[in-house]
Amino acid sequence: MVHDMDRNTRIAERLVEAEQIKGRSLWQDAAARFVRNKAAVGATIVLIGVLLFTILGPYFAQWTNEEIDWGRMGDIAGQGGPSFETGHFFGLDEVGRDLFARTIQATQTSLIVGVIGALVAVIIGTLYGAVSGFVGGWVDNLMMRAVDILIAVPYMFIIILLMVMFERSFFMLFVGIGIVSWLDMSRIVRGQTLSLKNREFIEAAQAAGVGWFTIVTRHILPNLMGVVVVYATLLVPQMILVESFISFLGLGVQEPNTSLGALISKGAGTIIYGTIWQLAWPLVFFLLTIISLFFIGDGLRDALDPKDR
Amino acid sequence: MLNYILRRLLIAIPTLLILIVICFFLMYAAPGGPFTSERPLPPQVLANIQAKYGLDQPILVQMWNYLVSILTQFDFGPSFIYKDRDVNDIIAQGFPVTLTYGTISFVIATLVGVSLGVLAALKHNTALDYIAVGATFSAQALPNFVMAPILVIIFTWQLGWLPGGGWNGGQWQYVVMPVIALSTSYMASIARITRSSMLETLHSNFIRTAKAKGLPTRTIIWRHAMKPAMMPVVSYLGPAFVAMITGSVVIDMYFSTGGVGQSFVNSALNRDYAVMLGVTILYGTLTILFNLLTDVVYAWLDPKIRY
């Protein structure tokens with residue numbers, strides 16, 4: 001009996017210990033892989049730096065983004081360069097406004113456009129693709145033919161059209177970007193859904209009498225999150241690029257608001273007068289944002305892609 | 001195979017028609033028009049002008065006439081702004097320019113991109129690989145509207161080697177910078193796709209078998225690895241070609257090449273609907289055609305695809 005008691009206690013102790021060993025979820029696994037990826041971690045730090053710059057920058061700015069420095073605007077090439085004495089850390093823009101404040105404002109705009117554009121694409125594309133793939137049959141056929149048609153529309157032209165014909169507002173910009181950006185997403189999600197829907201747990205849910213919409217939202221969508229997160233991260237820089245492209249043509253965000261694309265466009269136009277900082281600063285923030293987002297997206301893909309395991 | 005192509009063509013026709021209808025209604029829905037100016041025209045004059053261009057008819061009649069004239073005579077109608085030119089003239093003048101440097105950029109981007117990608121994959125995890133990956137990342141982040149001014153600063157302002165804009169009948173000095181500006185980011189995309197797909201192929205079982213048989217590396221790459229590794233690249237190239245022509249709006253504007261992109265933006269600003277519609281339809285057609293071509297090449301390359 002004593003012997004048995006000992007054994008029982010030992011088993012009990014082991015069970016207690018065993019409980020403490022936790023299983024690793026897919027996301028913890030992915031997080032560990034992501035942290036090991038030096039480029040991705042570095043890119044995350046850079047991106048956080050850019051975010052901090054847009055949040056904390058205004059507290060350091062000596063000028064607001066709308067004030068015009070009348071004293072120096074006559075000789076921007078000579079006196080408007082970046083300097084600490086004048087309080088214009090990044091110099092002046094082409095009409096004498098503080099480029100430091102303008103760059104903060106532009107970075108904020110570009111990030112907002114990128115994130116909201118990507119969100120719109122993710123929400124519409126994911127729901128559309130998941131429904132299309134899950135319902136299948138003629139509905140799937142119809143929905144995917146519609147995507148085929150929309151993909152054939154030259155989207156840059158449609159955005160330009162929208163911006164020219166309707167008033168140039170943030171709202172129209174998002175509509176234009178949103179119309180075109182969800183198409184690839186819906187295709188990717190549909191493919192994933194097709195491979196998911198014949199798995200046992202979906203069958204079990206169906207056997208239990210769960211409705212199709214609940215199955216899509218509760219069982220299919222959570223399993224799609226990996227693909228969606230990776231694609232969304234890669235979509236943000238694309239949205240920023242599209243917006244800056246439109247701003248470059250002078251059709252994007254309107255004054256007094258500005259975006260990195262608009263600042264780059266202005267800076268590129270005035271470079272012949274020797275004001276290189278007007279191109280350099282926005283360009284630096286543009287490149288930092290885009291490249292770090294690229295690296296983060298790539299790191300996430302490596303971390304979440306089941307192929308590489 | 002022939003059956004598959006025919007079926008795809010049959011789907012392409014309604015797609016194109018729907019595209020035209022969508023664009024037409026979009027233009028119709030837009031507020032303002034080519035004849036709304038700051039000083040309003042007398043109503044009688046406006047009515048006369050609208051009657052001349054058939055704008056006084058019901059929208060469905062207008063659209064029907066438009067479709068019929070495109071399908072029967074390939075006529076996209078007169079320009080609303082330029083009195084003596086019609087849409088066909090404007091496109092016929094601009095499109096060869098765009099097509100010329102678009103095609104050159106496409107060929108260069110494909111050749112350089114694929115070679116760079118294959119090279120990086122073969123030298124995986126060496127300095128060369130890292131340089132290639134870093135370069136492609138930066139090149140993708142540098143969109144052509146940034147490339148264009150940088151090129152002009154270097155080659156026109158600093159070195160004075162190349163003219164900063166214009167076309168001049170396509171003399172090579174005028175083509176160089178548009179081609180570089182346009183092809184760089186696509187080159188980077190192609191290189192990245194090639195690299196990752198080549199890496200995947202090189203790690204697959206049949207390549208290991210080929211190595212085990214003692215085949216020379218050159219044969220393995222050219223005879224065994226190249227074809228499967230090119231599949232994702234091919235599916236990218238079709239859309240990329242169209243994107244290179246449509247994406248050239250910026251190039252057209254910046255270098256004033258006189259290409260279609262320039263006439264598109266000008267017509268959009270002037271609300272010259274006829275030209276806008278014509279250009280949009282032209283590019284829509286190209287997109288559909290090249291998607292079709294890509295799918296056909298893909299089906300031909302990949303024995304696993306059923307058609």
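Q: In which helix of chain A does A:Q278 lie?
A: In this predicted model, chain A has a secondary structure of twelve helices and zero strands, and the elements run α-α-α-α-α-α-α-α-α-α-α-α from the N terminus on. Within that series, the element that holds A:Q278 is helix 12 of chain A.

Q: Is A:Q278 buried or exposed, and why?
A: The residues that A:Q278 touches, leaving aside those up to four places away in sequence, are A:G91, A:D93, A:E94, A:L99, A:K266, A:G267 and A:T270. A residue counts as buried when 20 or more other C-beta atoms lie within 10 Å of its own. Because A:Q278 has 28 other C-beta atoms within 10 Å, A:Q278 is buried.

Q: How far apart in space are A:Q278 and A:F157, C-alpha to C-alpha?
A: Along the sequence, A:Q278 and A:F157 are separated by 121 residues. Taken from C-alpha to C-alpha, their separation in space is 29 Å.

Q: At what angle do helix 5 and helix 10 of chain A pack?
A: Two packed helices are described by the angle between their axes together with the distance between the axes. For helix 5 (residues 99–135) and helix 10 of chain A, the axes are 6 Å apart, and helix 5 of chain A passes helix 10 of chain A in a right-handed crossing. By class, the residues of this contact are 21 nonpolar, five polar and one charged. The packing angle is about 145 degrees.

Q: Within what distance do the axes of helix 5 and helix 6 of chain A come?
A: These two helices of chain A cross at roughly 145 degrees, and the contact is made by A:Y128, A:S132, A:G133 and A:V135 of helix 5 of chain A with A:G137, A:V139, A:D140, A:M143 and A:M144 of helix 6 of chain A. Sorted by class, the contact has five nonpolar, three polar and one charged residues. The axes come within 7 Å.

Q: Which helix of chain A gives the most residues to the side of chain A that touches chain B?
A: The contact takes 26 residues from chain A and 32 residues from chain B. On the chain A side, helix 6 (137–151), helix 7 (155–165), helix 10, helix 11 (260–270) and helix 12 (277–304) each supply at least two residues. That side divides into 24 nonpolar residues, one polar and one charged. With six residues, the element that gives the most is helix 7 of chain A.

Q: What share of the residues of chain B count as buried?
A: Chain B has twelve helices and zero strands, and its C-alpha trace spans about 85 × 55 × 30 Å along the principal axes. Residues 24 or more positions apart account for 73% of its contacts with a separation of 6 or more. Of the 307 residues of chain B, the share that counts as buried is 38%.

Q: Which residues of helix 1 of chain B are buried?
A: Helix 1 of chain B covers residues 2–29, and its 28 residues should span 40 Å at 1.5 Å a residue, which agrees with end C-alpha atoms that are 41 Å apart. What covers its buried residues includes helix 6 of chain A together with helix 3 and helix 12 (273–301) of chain B. The buried residues themselves are B:T15, B:L19, B:I20 and B:C23.

Q: How many of the 15 residues of helix 3 of chain B are buried?
A: Helix 3 of chain B (residues 59–73) should span 21 Å at 1.5 Å a residue, and its end C-alpha atoms are 21 Å apart, which agrees. Just after this helix, B:F74 takes a positive phi of about 55 degrees. Helix 3 of chain B is hardly covered, and the count of buried residues among its 15 residues is one.

How values were computed. Residues numbered from 1 in each chain as written. Chains lettered and ligands numbered in written order. Predicted model: local features only at pLDDT ≥ 70, side-chain atom pairs only at ≥ 80, totals over all residues. Contact = placed C-beta atoms within 7 Å. Helix = DSSP H or I, 4+ residues; strand = E, 2+ residues; numbered from the N terminus. Nonpolar A, V, L, I, M, F, W, Y, C, P; charged D, E, K, R; others polar. Buried ≥ 20, exposed ≤ 12 C-beta atoms within 10 Å, placed from the backbone. Axes fitted to C-alpha atoms, helices over the stretch in contact; angles between N-to-C directions. Left-handed = near helix turned anticlockwise from the far one by under 90°. Expected span 1.5 Å × (residues − 1).
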